[in-house]
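Biologist: I would like to learn how to read a protein model. Could you take me through it one feature at a time?

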Amino acid sequence: MNEEQKKSLLIKELYDLLSKGNAHVTFEEAVKDISLDKLRLTPENLPYNIFQLAEHIRIAQWDIVEFCINPHHVSPKWPEGYWISGDYTISRQAWDHILQQIKQDRERFIQFLKATDNDLFEPLSHGTGQSLFREALLIADHTAYHTGEIILIRRLLKIWN
């Protein structure tokens, strides 16, 4: 197998990791068919709800993608820039925007991986040692972690079968 075939295979595996459930439920499956009135319910002793988790996934993934693509990107301040808090309204339009943006940014990242001539393991010139491979794993790991929390909240709210 030559280097181009290896890269193609690696990108396919990263695509599957980012887009498919493999050993777990996908983000899209976890948020499917949730009524708007349930998105803001925060179970007792938990610090956030499904809407906040989805918005957090969206912001963090967007930040990682922008960091990889744009060397001049400035990340939000941690932690407040990554979490929605306080008074906010949940509309169908806002919820659909979050879900669409997560999907679009994931696809944008995958297309960047496919199009780049960069070595996926080479540290990014504008980072502190991060590589595209590491950032792909970070997106997948972070999303899977919070997807599990969404499923847990759905179970607690008795809206998961």
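Biologist: Let me start with the pockets: what volume does the second largest pocket have?

Modeller: The second largest pocket has a volume of about 150 Å³. Before we go on, a word about the source: this is a predicted model, where local features need pLDDT of at least 70 and side-chain atom pairs count only at pLDDT 80 or more, while totals for chains, interfaces and linings use all residues. Residues are numbered from 1 along each chain as its sequence is written, and side-chain values use heavy atoms, with hydrogens and water left out.

Biologist: What is a pocket, and what is a lining residue?

Modeller: Picture a 1 Å grid over the protein atoms alone: a cavity is a set of points where a 1.4 Å probe fits but cannot get out, whereas a pocket is an open set with protein on both sides within 12 Å along at least five of seven lines. Lining residues have an atom within 4 Å of a point. For the volume, grid points are joined across faces, edges and corners, and we take the space filled by probe spheres set on the points.

Biologist: Which residues line the second largest pocket?

Modeller: Its lining is made of Glu3, Glu4, Lys6, Lys7, Leu10, Asn118, Asp119, Leu120 and Phe121.

Biologist: What about the inside? How should I read a nonpolar core?

Modeller: In soluble globular proteins, nonpolar side chains tend to be buried together. A nonpolar core is a set of buried Ala, Val, Leu, Ile, Met, Phe, Trp, Tyr and Cys residues joined through side-chain atoms within 4.5 Å. Buried means under 20% relative accessible area, exposed over 50%, and partly exposed in between (1.4 Å probe, protein chains only). The largest core of this model has 19 residues, and those with the most contacts inside it are Phe27, Val31, Leu39, Ile50, Phe51, Trp95 and Ile150. Two or more of its residues come from each of α2 (27-30), α4, α5 (92-115) and α6. The largest share, five residues, is from α4. Apart from this core lies another, of 16 residues, including Ile11, Ile110, Leu124 and Ala140.

Biologist: Which residues is Val31 in contact with, leaving aside its neighbours within four places in sequence?

Modeller: Contact means heavy atoms within 4.5 Å. With those neighbours left aside, Val31 is in contact with Trp95, Leu99, Ile150 and Arg154.

Biologist: How many salt bridges does a search of the whole structure find?

Modeller: Side chains of opposite charge can pair when their charged atoms come close. A salt bridge is a side-chain nitrogen of Lys or Arg within 4 Å of a carboxyl oxygen of Asp or Glu. The search finds ten. In one of them, Lys6 and Glu3 meet at 3.6 Å, N to O. These two are three residues apart in helix α1 (residues 3-19), so about one helical turn separates them. Lys6 is partly exposed at 41%, while Glu3 is exposed at 59%.

Biologist: Which parts does the pair of Arg108 and Glu66 tie together?

Modeller: Arg108 and Glu66 form a salt bridge whose closest N and O atoms are 2.7 Å apart. Arg108 lies in helix α5 and Glu66 in helix α4, so the pair ties together parts that are 42 residues apart in sequence. Arg108 is partly exposed at 31%, and Glu66 is buried at 14%.

Biologist: Which residues are linked in a network of salt bridges?

Modeller: Lys12, Asp16 and Lys20 are linked in such a network. Between Asp16 and Lys20, the closest N and O atoms are 3.4 Å apart. Asp16 is buried at 9%, whereas Lys20 is partly exposed at 43%.

Methods. Helices (H or I, at least four residues) and strands (E, at least two) are DSSP runs, numbered from the N terminus.
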